[in-house]
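Here is a short briefing to read alongside the structure. Please keep the view open as you go through the points.

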Amino acid sequence: MAGIPAGSEVDWARATAQVKRQALALGFDKVGIASIEDPPDLRGLQAWLAAGMAADMAWMADPRRMDPKQVLPGVQSLVCVALNYYTPIRHSQDPGKGKISRYAWGRDYHRVLGRRLKQLHLWMQAQFPNYRGRCYVDTGPVAEKPWAMQAGLGWIGKNSLLLTREYGSWVFLGVILTTLPLLPDQPHTAHCGTCTRCLEACPTQAIVSPGVVDSRRCVAYHTLESHAERIPAEIAQNLHNWVAGCDICQEVCPWNQRFAQPSRIPDFQPYPWNVAPDLQELAQMEDGEFDQKFPASALRRLKAHRLRRNAQAALEGNSSSAAGSNDLEAPST
């Protein structure tokens, strides 16, 4: 497509189709458009914040998250994209091995998705006169999941993650805010039905109601976001060897079990060490060794000292659980 000269009349239906084709050509698995005139209902996010469920993630309360017009004045459309990252390797059940969330097994998704999103942003800038836009990969004050649902990519499941028909919830999301009046897609409908597997499987009962996760109870929050010196005992006893994130609510989801597809992106293939790291080694890992074992990884933001904290908590939690189990099995006298 040749760039549109300034002052030319634009066929926005054609332009929208071209933007989508370019997104797919760049490797995205799904793309959809949402209109600023038909925003998602964010009252649930407001209630979640008011209830303190964001814990100490203060950035979630940024008021711009409620209104993209405060992020990009003049915004008319949001281009929402998804990239499948699933790799069909099972987590180890060896009690001596740590578990790292599948999203962090390979190269940092901020780099992989961000590079493609930047290319789409620059392509749009070259094609359309007076184009203005901003792109984010989990880095800006934008409610990505509600907007992705509004753009027709999928629906927000009972585990609070975006679920797609084609890939389940194993997708990374990106968004471009633009002043272009692109034609919006129909919002997606929800398809969790009466299923409650994710709620029942959560070891800390962090999913307090369908679609609502209390971060204060969530294993992923405590192992990835919390900067506390120690992980609370009630969480540590339920880590089940998770040292960076937690995939339980995804692994039990029927949509993921039936429709997950291996990612086409080589960068998402796991680094060998990430799949089943030794808990004792993690608990004693020096900063320099951390740098060597987790290059170009999303775990870089975790830092070595918090990974050590998490592994130590998992080991202590395992010991506590074992002691409790032994107490229960001991015969009465």
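This is a predicted model: local features need pLDDT of at least 70, side-chain atom pairs count only at pLDDT 80 or more; totals for chains, interfaces and linings use all residues.

Two strands count as paired here if DSSP finds at least two bridges between them.

**Strand β7 and its partners**
- Strand β7 covers residues 171–178.
- On one side, β7 pairs with strand β2 (residues 77–84) in the antiparallel sense, over eight bridges; in this pairing, L83 has F172 as its bridge partner.
- Strand β4 (residues 133–136) also pairs with β7 in the antiparallel sense, over four bridges, and R134 stands opposite L177 of β7.

**Burial of β7**
- In a regular strand, side chains alternate between the two faces of the sheet.
- Both faces of β7 are covered: V171, L173, V175 and L177 are buried on one side, while F172, G174, I176 and T178 are buried on the other.
- Because eight of its eight residues are buried, β7 is largely enclosed by the rest of the structure.

**P40 in its loop**
- You will find P40 in the loop that runs between β1 (30–35) and α2 (43–50).
- P40 counts as buried because its relative accessibility is 11%, and the cut-off for buried is under 20%.
- Setting aside neighbours within four places in sequence, P40 is in contact with P146, W147 and Q150.
- P40 and R197 lie 157 residues apart along the chain, and their C-alpha atoms are separated by 26 Å.

Conventions:
Residues are numbered from 1 along each chain as its sequence is written. Side-chain values use heavy atoms; hydrogens and water are left out. Helices (H or I, at least four residues) and strands (E, at least two) are DSSP runs, numbered from the N terminus. Buried means under 20% relative accessible area, exposed over 50%, partly exposed in between (1.4 Å probe, protein chains only). Contact means heavy atoms within 4.5 Å.
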